[in-house]
Amino acid sequence: MKTLFVRDLLNGSRLIGNQVTLLCWVKARRDQGHLVFLDLCDSTGSIQGVASFQMVNSFPVAKEVPLESAVRAVGTFEQGCQGYEIHL
């Protein structure tokens, strides 16, 4: 699987529904209890990552990942309510 930049995703609606990989850092985290939202950034931009409590592998990690951590984000690229997002 090819590692992409945020820029590639924001310009690539053709990728919707596909699994993608980003090398990025965590700029912000919002924990809503059953959902965790991560602002994922690289040198080309930022995109939202979403982890649901139903995602048994990614949810515990998303709840605890320290801010400014470098991460490999793997998930499904989707159209969200306010733009694109990665479902982790």
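Reader: In which sense do strand 2 and strand 3 pair, parallel or antiparallel?

Author: This is a predicted model, and in it strand 3 covers residues 35-42 and is joined to strand 2 over six bridges. One of the facing pairs is Val-26 with its bridge partner Leu-40 in strand 3. In the hairpin of these two strands, three residues lie between them, and Gly-33 takes a positive phi near 90°. The sense in which strand 2 and strand 3 pair is antiparallel.

Reader: Which strand pairs with strand 2 in the parallel sense?

Author: Strand 2, residues 19-31, is also joined by seven bridges to strand 5, residues 70-80, but those two run antiparallel, with Thr-21 standing opposite Val-74. A further pairing of strand 2 is in the parallel sense and has two bridges, and there Leu-4 stands opposite Leu-22. The parallel partner, residues 3-4, is strand 1.

Reader: In which strand is confidence lowest, and what is its mean?

Author: For the protein chain the mean pLDDT is 93, and 98% of the residues reach 70 or more. Confidence is highest in strand 3, at 97, whereas the lowest value belongs to strand 1, at a mean of 88.

Reader: How many disulfides does a search of the whole structure find?

Author: A disulfide would need two cysteine sulfur atoms within 2.5 Å. For Cys-41, the closest cysteine sulfur is that of Cys-24, and because the distance is 7.8 Å, it is too far for a bond. Over the whole structure, the number of disulfides found is zero.

Reader: Which is buried and which is exposed, Cys-41 or Cys-81?

Author: A residue counts as buried under 20% relative accessible area and as exposed over 50%. Cys-81 has a relative accessible area of 86%, so Cys-81 is exposed. Cys-41 has 5% relative accessibility, and therefore the buried residue is Cys-41.

Reader: What is the nearest side chain of opposite charge to Asp-42, and how far away is it?

Author: Asp-42 is found in strand 3 and is buried, yet has no salt bridge. A salt bridge would need a distance within 4 Å, whereas the nearest side chain of opposite charge to Asp-42 is Arg-7, at 7.4 Å.

Terms used. Residues are numbered from 1 along each chain as its sequence is written. This is a predicted model: local features need pLDDT of at least 70, side-chain atom pairs count only at pLDDT 80 or more; totals for chains, interfaces and linings use all residues. Side-chain values use heavy atoms; hydrogens and water are left out. Two strands pair if DSSP finds at least two bridges between them. Helices (H or I, at least four residues) and strands (E, at least two) are DSSP runs, numbered from the N terminus. Buried means under 20% relative accessible area, exposed over 50%, partly exposed in between (1.4 Å probe, protein chains only). pLDDT is the predictor's confidence in each residue, from 0 to 100. Lys and Arg count as positive and Asp and Glu as negative; His and the chain ends are not counted.
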